[in-house]
Each structure stands twice: as structure tokens, then as C-alpha cells.
Amino acid sequence: MSQPRILVVGAGIVGLCTAWHLQRAGAQVIVVDRAGPGEGTSSGNAGAISQGSVAPLAMPGVLKSVPGMLLDRKGALHIPARAWPAALPWLWRFVLAARPERVRDIAEGMSQLLAGAETRHREILREEGAEDLLRDEGQLYLYRDEAHLAKDESAWALRREYGQRTEMLDRAGIEALENGISPDYTIGVFLPEQGHIVNPLRHARVVARGVQRLGGEIRRAEVTDIISEKGRVTGIRAGGETLNADHVVLAAGTWSRDLLRRLGIDVPLIAQRGYHVMIPDPELMPRRPLVPADRKAFVTPMEEGLRVAGTVEFGANDAPPSPARAALLLDDLRKLLPGARTEGAKPFWMGHRPCLPDTLPVMGPVTAYPGLWCCFGHGHLGLTASAPAGAMLARAMLGPPANTDLSAFALERFA
């Protein structure tokens, strides 16, 4: 039987993990992206593998705090004036997703996607001889007091319901795990079964080399169009060349929306820009990701130093970054770890998280265009979801199809 030829559009970690599983399952895969593997948004993530994060962003408790964050120029959420026209329709869908019955459905879908995520990541890294990239030190969320914790209690309850193991810590418990955390944080929630990647860019490159080792191809070219004939997708236009295929997988992050629009399909995908700063020598290095819950930031120990990642800023793909937003991350670090050295920080980084209003990604076939498959919109959980999403999509495309139900992630839910 001949190998199906599959084009994967996007060399971020989601596209690469999808390509790895497809190639391993017997397809002939070509990954196409204008940038090198992992050089876009995937290079700048917080490194967290958060398989228990089943609670959607649109929780009722979160909605109550959104107006206050918007009014605070230094808040964790920022919508520039130029972004409001695109943000308003998205925010309305976001509010609708916070209905209790919808929250339950979303949590069920996220549980289906994220269950065993770390095992899936380790499967790839083991075969590629790079298990050192994944560390199992847990994650530590930090709260100032009981009132602060109570704002997130519904999300924690949902996580525990779906199997998330949590350990509640008092101040002494926090100090037993980590040194140097500000005394302003008196309550900790420790997640012992969650890990982190110590170098997201190296991670993406390892997976890309795995695709090539298995017989696939990585090609650098800008994809400008999806080609269809008689209603069926037959390839793409990239770098001025037409590439034909049996199937096309769209895994291009926030750029997926632009390519779908050329087929007359609109999806409420928006870029939530995230920033990070990297400090090569902070002197005070935690063992695991620390999450000051009031700032929605991740402070992660990595091979190249300490990465402080976070903020949510709405904006178009071509909008310029904001140095002021990046500077807030250094303030967050000083408030969390007063003894950390912030001098010598590298120039800030900014990337585009592809976010959908109900948190669930779009995964699976496009009914209106046979031959086209989607795997994008994993939002703040792109790294975590990449390996399990790739495995799920490969099963759905190549079999065995048993236990591979992608209906919760269907593009058609936005019709």
C-alpha cells in the first residue's frame, strides 16, 4: 500500500509533533513553514507541561476580574485601543463559553486532549534520545492569602475532579520547597505530577530532526494559499511553488485563520500576545516553575537561565510589540523573588498565542473541504497539548480510529 502524502503547514511544536506521529504511522510527510522549526511562538513559551489544566480560561470567577484587569494599565490583561474592534466579538463568545453547562463540556474536551500529555512528550523524547529536556519537579502556584485563593477555587475544584493531584501548602510548606519567595505569598498549591521543558527551542528542533530521521522532510517556504479542486483540497502554494498532497494539515497557529479565510471559512481565532524575558544569571534559581497567581506569569528554570513569561495582550500578527508590557515581567520577578538578580536580562521576546474563545483547539477534518485537516488554536497550552494532539490527529487520519473522537474540537462548532 502506498504511503499517503501529507503536507503539514506550520513548524511550531504542534505541527512538528503532528508530523512526527504521522510519519511514524506510515505517511510521507512534508512540514512547510516560512521560519525554521520552533523559531516562532513555540520558542518562547513558558516551558510548562500542564496536563491537569482542564479548566477553560472563561470561568465565571475569571470574568468577574476581567473589568478590573482592563482598567489597570499594568494588569495581566491588556487590550490596546487599536485591537478593540477585533476583540469585542471574540470577548462576547468568551463570555458565552463561561456558562456552567459549557464549562463542563469544555473541561471534558480538555481532559480528553491532555490526559497523559507528559507520557506522550516522553514517548517522543525517548525515541529521539533527548529525555533530558523534560524535568519532573512539579509546579508551584502562589497566593497572597485565602481571599486571593478563593477567586480561583472553582478552577481548582474542576482540575481535582478530573484527576489533578494538588497539595495545599502554608508558608512553611512553601519554604520547604523553594528558597527566596517573597513573604507576601502565604499559600501555595503544589502540583507534583506536572513537569516542564528546559529549552523549548531545542525541544522543537529535536522533534523536527525526528521527523527527518523517520523519513519526513522539513521545508522552509511561506505558504500563501490552500489549493482545492472540485471541492477537495489537493495541496498548497508555498514559495511560489505548488505542492500536491493527499491531505493538508493546517497547524499554522494564528496564521491559520488567514489561510482558512481564502477558502471562505472564518474562525474566531485571535492572537493573545505573550512576552518573556530571560535572565542568564539570576543567582537565585528555583527548581520548578513558579506561578504568582495574581500576575498570571510563569517563572521557569531553563538551560539558558531563568525565564519569566506571561501577560495577555490582544493584537494583530503585524502589530508592534510593547516594551512596557515586557518590563512588567521583571517587576513580577522582583515581587516574587526579591533576591533574584535582574541585571543582564536578554532583550525581551514576544509571540502570538493562537486562542479560541472556548479554550478548545480546532482539530480534525474540515467537512466542507475533504482532504483538509486542522490542528491549531491550542492557546496557552500549545506546548502541553502538542504531543497528545499530534497522536490523536494521526490516529484519526491513518487509524486505528477506535477511541479517537474529535467531535468536541470540530471547526463546525463556530458555524
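A charge sits over a ring if NZ of Lys or CZ of Arg is within 6 Å of the ring centre and within 35 degrees of the ring normal. The views below come from a predicted model.

**Figure 1. Arginine 144 and the ring of tyrosine 185.** The charged end of arginine 144 sits over the ring of tyrosine 185. The distance to the centre of that ring is 4.7 Å.

**Figure 2. The whole chain, for orientation.** The protein chain has 12 helices and 21 strands. Its radius of gyration is 21 Å, close to the 22 Å that the globule rule gives for 415 residues, so the chain is as compact as a globular protein of that length. The C-alpha trace spans about 65 × 45 × 40 Å along its principal axes. Buried residues account for 58% of the 415 residues.

Figure 3. A search of the whole structure finds 5 aromatic pairs. In one of them, the rings of tryptophan 90 and phenylalanine 94 have centres 5.4 Å apart and planes at 15°. An angle under 30 degrees counts as stacked, so this pair is stacked. Both residues lie in helix H3. They are 4 residues apart, about one turn of the helix. Tryptophan 90 is buried, and phenylalanine 94 is buried too. Trp90 and Phe94 also belong to one aromatic cluster with Phe314.

Figure 4. Tyrosine 141 has 10% relative accessibility and counts as buried. Phenylalanine 298, at 17%, counts as buried as well.

**Figure 5. The second largest pocket.** The volume of this pocket is about 460 Å³. It is lined by 22 residues, and the closest to its centre are Ala86, Arg257, Leu269, Ile270 and Ala271. Helix H3 (84-96), helix H10 (256-261) and strand S15 (270-279) are the elements that give two or more residues to the lining. The largest share, 4 residues, comes from H3. By class, the lining has 13 nonpolar, 3 polar and 6 charged residues.

Figure 6. Glutamate 303 is found in the loop between S17 and strand S18 (305-314). Its relative accessible area is 38%, so glutamate 303 is partly exposed.

**Figure 7. Two loop residues with positive phi.** Lysine 296 has phi near 55°, a positive value in a residue other than glycine. It is placed in the loop between strand S16 (290-292) and S17. At 43% relative accessibility, lysine 296 counts as partly exposed. Threonine 359 also has a positive phi, near 75°, and is likewise a residue other than glycine. Its place is in the loop between strand S19 (349-355) and strand S20 (362-365). Buried means under 20% relative accessible area, so threonine 359, at 14%, counts as buried.

Notes
Residues are numbered from 1 along each chain as its sequence is written. This is a predicted model: local features need pLDDT of at least 70, side-chain atom pairs count only at pLDDT 80 or more; totals for chains, interfaces and linings use all residues. Side-chain values use heavy atoms; hydrogens and water are left out. On a 1 Å grid over the protein atoms alone, a cavity is a set of points where a 1.4 Å probe fits but cannot get out, and a pocket is an open set with protein on both sides within 12 Å along at least five of seven lines; lining residues have an atom within 4 Å of a point. Grid points are joined across faces, edges and corners, and a volume is the space filled by probe spheres set on the points. Ala, Val, Leu, Ile, Met, Phe, Trp, Tyr, Cys and Pro count as nonpolar, Asp, Glu, Lys and Arg as charged, and the others, Gly among them, as polar. Rings of Phe, Tyr and Trp (its six-membered ring) pair if their centres lie within 6.5 Å; planes under 30 degrees apart count as stacked, over 60 as edge-to-face and the rest as tilted. Buried means under 20% relative accessible area, exposed over 50%, partly exposed in between (1.4 Å probe, protein chains only). The radius of gyration is taken over C-alpha atoms; the globule rule is 2.2 Å times the number of residues to the power 0.38.
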